[in-house]
Each structure stands twice: as structure tokens, then as C-alpha cells.
Amino acid sequence: MEAAVAKAWSHVRANLRRSAGQRLFDQWLKPVVLIEGSNADVVRLGLPSAFMTQWVKNHYAERLLLEFRGQIPAVCAVSIETVAEEPKRVLSAAPVAPVADSAPVAAAAVERPQFDQRFTFERFVIDATNRVACNAAKAMAQPGAPQFSPLYLHAGTGQGKTHLMHAIGHAFLDANPEATAIYVTAERFMFEFVQALRNKDTHAFKARLRSVDLLMIDDLQFIGGKDATQQEFFHTVNEFMSSGKRLVIAADRAPQALEGFEPRLAGRLGSGLVADIKPAELELRRAIVGRKLTDMPAVSMPHEVMDLLAARITTNVRELEGALNRLVAYAQLNNEVITIDFATNVLGEVLRSAQRRITIDEIQRAVSAHFEVKQIDLISERRAVAIARPRQIAMYLAKRLTTRSLPEIGRKFGNRDHSTVIHAVKRIEDLRAKDVEIDTAVRTLMRTLEG
């Protein structure tokens with residue numbers, strides 16, 4: 001069985017390389033190794049650091065299990081563990097050419113990084129929440145002397161910081177084919193610096209970083225409290241600023257809010273252009289789902305499912321994309337058609353955990369205000385279209401935006417039967433597909449209820 005697992009692992013790695021893109025694969029998935037003794041009961045995968053292990057668990061645990069089951073249906077579980085050996089990856093996103101001992105410092109060479117092909121400016125969906133950050137990133141990638149440096153991007157997890165950094169890399173190197181660049185996470189920066197200290201080779205480490213034309217460091221918050229690393233990073237920032245080179249930093253908070261950072265470093269980071277990315281609003285989340293689906297031409301997804309994802313997964317864009325990928329993977333692996341019911345079954349826990357607790361009372365108040373009817377009319381026996389249609393919309397929203405069962409929803413609307421709720425939901429779904437006014441009203445109400 002071990003041989004079968006090893007063979008399956010080679011197929012899984014190939015699939016991950018194709019789907020994740022070269023940059024993401026090289027940085028996070030390439031270091032994954034199959035641990036000896038893996039079998040169909042538990043496939044054991046190892047990574048060289050606890051940080052990388054946690055990242056892969058958070059982002060790829062379920063995908064890895066699905067991939068292995070696609071090769072060996074009997075696989076019960078995939079265990080992602082930290083192994084003792086140190087990672088062998090280099091600092092930059094692509095291998096760095098070794099420098100001979102006798103070579104001068106200026107000869108340190110950095111090859112062109114393999115930035116993720118999915119992360120370009122053309123594929124970045126823009127609205128008011130991220131427009132300033134996107135325009136600043138585009139300006140940083142333009143030829144000629146940079147307008148500002150450093151560019152400091154900050155936002156919560158999964159809001160598009162890394163996407164913009166890779167987009168800068170693509171555009172800058174396309175415009176300057178002879179230029180050099182490095183993209184590295186702060187954790188990798190720290191690891192490489194500590195290794196250089198141990199090997200008494202900090203000179204080469206500094207030369208490799210400071211010789212490039214564009215340096216990008218992601219997730220800066222992870223070096224909080226690391227005094228030696230911060231000191232080296234401070235000198236690197238000063239070097240880039242004094243030489244007029246491009247420096248891009250990303251973190252989960254503004255420079256002044258970084259914990260465990262020296263004030264002089266926070267001040268230096270804030271001396272360039274600081275641009276934040278706010279959480280994506282409903283319309284942007286909907287546009288992102290639509291943009292992602294253009295990359296999946298074989299996938300057919302009804303508008304109401306797209307709206308469900310955008311309305312209910314509000315934490316960050318990465319979770320939204322993850323839910324979309326999970327839904328598509330389940331549909332393809334099980335040869336199922338994507339419907340509202342299928343999406344609800346597959347993403348039940350995700351939808352419940354991501355959902356803001358909207359109540360049916362809130363929905364009834366919002367609907368009555370929007371259509372200028374009395375809230376009591378929504379639970380009455382009145383059947384006039386001016387009352388019945390808002391009532392059906394309120395039932396539809398209760399089904400989409402709450403975790404209440406159909407009988408519970410029916411009771412909140414004048415003790416109606418659950419079949420009445422089913423009819424209302426189906427009726428509004430049909431109307432949204434052909435009646436622009438109804439569709440606009442539903443979208444407006446969903447946006448209002450989500451706040």
C-alpha cells in the first residue's frame with residue numbers, strides 16, 4: 001500500500017502545481033513531503049516548520065484529502081505534520097544563483113521570480129474599498145523613478161494584499177525585463193537571516209537583498225518582537241530608501257499599530273505611502289465570485305448560488321474563494337449539478353460560521369420599510385399582490401440569510417405551512433431571473449441587512 005500511496009502522491013503534487021500556480025506551489029506546497037509509513041488509513045505529510053504546517057492545514061487540508069481520495073478512494077484521513085529537518089527553500093520566489101567565495105559582492109545574482117500567474121492587475125476586482133491601494137500598486141510598477149517608497153499595504157487576512165504584490169511583480173518585470181526582484185514573506189526573511197548568522201554569512205544575505213531593483217516583503221507582523229531581525233530589516237529599509245529603489249511591504253495592520261516593533265522602524269515604514277484595503281462589501285464579493293467563475297468555463301452556477309456565497313461569506317475574500325473552490329470540487333467529484341440545496345448541504349458549516357446573525361424580525365422590518373407596507377401585513381392573511389410579493393421576498397430572505405428551518409420561518413409569517421415558504425422561495429428565484437425590479441430589490445435588501 002505504501003507504494004500505491006507514493007504513486008498517488010506524485011499525481012496529487014502534479015494536480016496541486018497546476019491548480020495553485022507556480023509561485024504558491026513553490027512557496028507552500030513544494031516543501032511538503034510524504035512521510036514514510038503512510039497508508040490508506042492515514043496519509044502523513046510533513047513540512048519543515050510549524051508556521052508552514054499551520055498554513056497548509058488552514059488552506060489545503062480538505063483539498064489534499066479530496067485529491068488523495070480521487071486517487072485512492074479508501075484513504076480515511078490526511079495528517080499534516082511538522083518534521084524535524086530544516087526547509088531547503090531559498091529566500092526569493094525562484095532559486096538564487098550561488099555566489100562563489102572569490103566573487104565580488106556585486107556579482108550576487110537573483111533570478112526572475114515566478115510570480116503567481118493568477119495574481120495580476122487585470123484579475124484584481126476593484127471598488128471603493130481597494131481602489132487607492134490598487135492605484136498605488138500600479139504606480140509602484142511603472143517604469144522610471146518610483147513616486148514613493150516604501151509602499152505599505154495593510155488589510156486583514158485574505159483581502160488582496162498578496163495579490164497586489166504579485167501584480168506589482170508581474171507589471172514591473174514586464175516593463176523592465178532586465179530588472180531583478182525578490183518577493184519573500186517576513187517569516188522566510190527571518191529564517192534566512194538566522195541561517196546567515198549561524199553560517200557567519202550575513203554579508204551575502206545583505207548583498208542578495210539589497211542588490212535587487214524591487215523588494216517585496218509580505219506578512220511583516222510576524223517579525224514583531226524579533227529584535228535582531230528588525231534591526232536588519234530597518235537597515236534594509238534605509239538602504240532602499242536612500243538609493244531610491246522600490247520597496248513594498250504588506251502587513252495586517254497599519255505601521256503604528258504593529259505590536260512588538262521599534263518606534264523608529266514603524267515611523268520609517270509610515271514615511272512612504274500607506275494604503276489600506278477595507279473588507280470587501282457585498283457587491284465586490286459578488287463581482288469576485290463572477291470573476292473567478294470566468295476561469296471555470298465548464299462550471300455552471302446559478303445566480304442565486306453566487307448571491308448566496310457573496311451574501312453569507314463575509315469574513316474575507318480568501319474564505320470566499322475557498323468556499324467557491326470547495327463547492328466546485330464537490331460538484332465535480334460527485335458529478336452533481338450545483339443548486340441552492342447542493343450548495344447549502346456542501347457549505348452548511350461554512351455558511352453558518354461566516355454568517356452574521358440576522359433575525360427574521362430584522363428581515364420583516366427591512367422589507368416593510370422598503371416596500372412601504374406595515375410589518376403586521378407581512379404576517380396577515382391579506383393576499384393582495386402589494387402585500388403578497390413583499391411577504392414572499394421576506395420569506396426568501398429568511399431562507400437565504402438565516403439558519404431557521406422552513407417550519408420555523410412559516411411560524412414567523414402568521415403560522416404558515418412550510419410548503420408555503422418553499423413556494424415563496426421558488427417564486428422569488430424565478431422572478432429574479434426575469435424581473436429586474438425584483439432582483440434589484442432583493443439585492444438592495446440583502447446589502448441593507450448585512451450592514
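Figure 1. Of the 451 residues in the chain, 50% are buried. The model is predicted. The C-alpha atoms fill a box of roughly 90 × 60 × 40 Å along the principal axes.

**Figure 2. Secondary structure and domains.** The chain has 20 helices and eight strands. Its domain assignment gives domain 1 (1-82), domain 2 (121-276), domain 3 (282-354) and domain 4 (360-450). Between the C-alpha centres of domain 1 and domain 3 the distance is 24 Å. Among contacts between residues at least 6 apart in sequence, 73% join residues at least 24 apart.

**Figure 3. Close-up of Arg286.** Arg286 sits in helix α10, which covers residues 282-293. Its relative accessible area is 12%, under the 20% cut-off, so Arg286 counts as buried. Setting aside residues up to four places away in sequence, Arg286 touches His303, Met306, Asp307, Ala310 and Arg443.

**Figure 4. Close-up of Gln375.** Gln375 belongs to helix α16, residues 375-378. With a relative accessible area of 29%, Gln375 is partly exposed. Beyond its neighbours within four places in sequence, its contacts are Asp361, Gln364, Arg365 and Ser368. His166 is 209 residues from Gln375 along the chain, and 50 Å separates their C-alpha atoms.

**Figure 5. Charges of the chain.** The chain carries 59 positive and 52 negative charges. The mean positions of these two sets are 3 Å apart.

Key
Residues numbered from 1 in each chain as written. Predicted model: local features only at pLDDT ≥ 70, side-chain atom pairs only at ≥ 80, totals over all residues. Heavy atoms only, no water. Domains from an automatic or database assignment. Helix = DSSP H or I, 4+ residues; strand = E, 2+ residues; numbered from the N terminus. Buried < 20%, exposed > 50% of the residue type's maximum accessible area, 1.4 Å probe, protein only. Contact = heavy atoms within 4.5 Å. Lys, Arg positive; Asp, Glu negative; His and termini not counted. Charge placed at Lys NZ, Arg CZ, Asp CG, Glu CD.
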